[in-house]
Amino acid sequence: MTRKDFFARVGFGAAGVLLPACVAGLATSCSVQGEGGSSSAPSNVDFTVDVSSEP
């Protein structure tokens with residue numbers, strides 16, 4: 001087995017292990033937003049900016 005073959009097999013093995021977890025995470029996050037999981041912007045924000053001061 002050459003070095004190139006070794007790293008190719010390790011890469012495909014890692015992809016095979018991690019791909020289902022990534023797909024499951026994406027499926028979960030997409031289903032939460034589809035069910036009205038989005039948040040709205042806060043409406044009670046109040047602040048003042050003082051731009052009259054000199055540096």
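Tutor: Helices are DSSP runs of H or I with at least four residues, numbered from the N terminus. The model under discussion is predicted. In that sense the chain has one helix and zero strands, and Phe7 has its place in this helix, α1, which covers residues 3-34.

A search of the whole structure finds one aromatic pair. Its partners are Phe6 and Phe7: the ring centres lie 5.4 Å apart and the planes meet at 70 degrees, so the pair is edge-to-face, given that an angle over 60 degrees falls in that class.

Phe6 has a relative accessibility of 43% and therefore counts as partly exposed, since that class lies between the 20% limit for buried and the 50% limit for exposed. Both phenylalanines also belong to a nonpolar surface patch, together with Met1 and Val10; the accessible area of these residues together is about 450 Å².

As for the chain as a whole, buried residues make up 0% of its 55 residues. Its accessible surface comes to about 5400 Å², with 62% belonging to carbon and sulfur atoms.

How values were computed:
Residues numbered from 1 in each chain as written. Predicted model: local features only at pLDDT ≥ 70, side-chain atom pairs only at ≥ 80, totals over all residues. Heavy atoms only, no water. Patch = residues over 30% accessible without salt bridge, like charges linked within 9 Å, V, L, I, M, F, W, Y side chains within 5 Å. Areas by Shrake-Rupley, 256 points an atom, 1.4 Å probe, with all protein chains shown as cover. Salt bridge = Lys/Arg side-chain N within 4 Å of Asp/Glu carboxyl O. Helix = DSSP H or I, 4+ residues; strand = E, 2+ residues; numbered from the N terminus. Buried < 20%, exposed > 50% of the residue type's maximum accessible area, 1.4 Å probe, protein only. Phe/Tyr/Trp six-rings, centres within 6.5 Å; stacked < 30°, edge-to-face > 60°.
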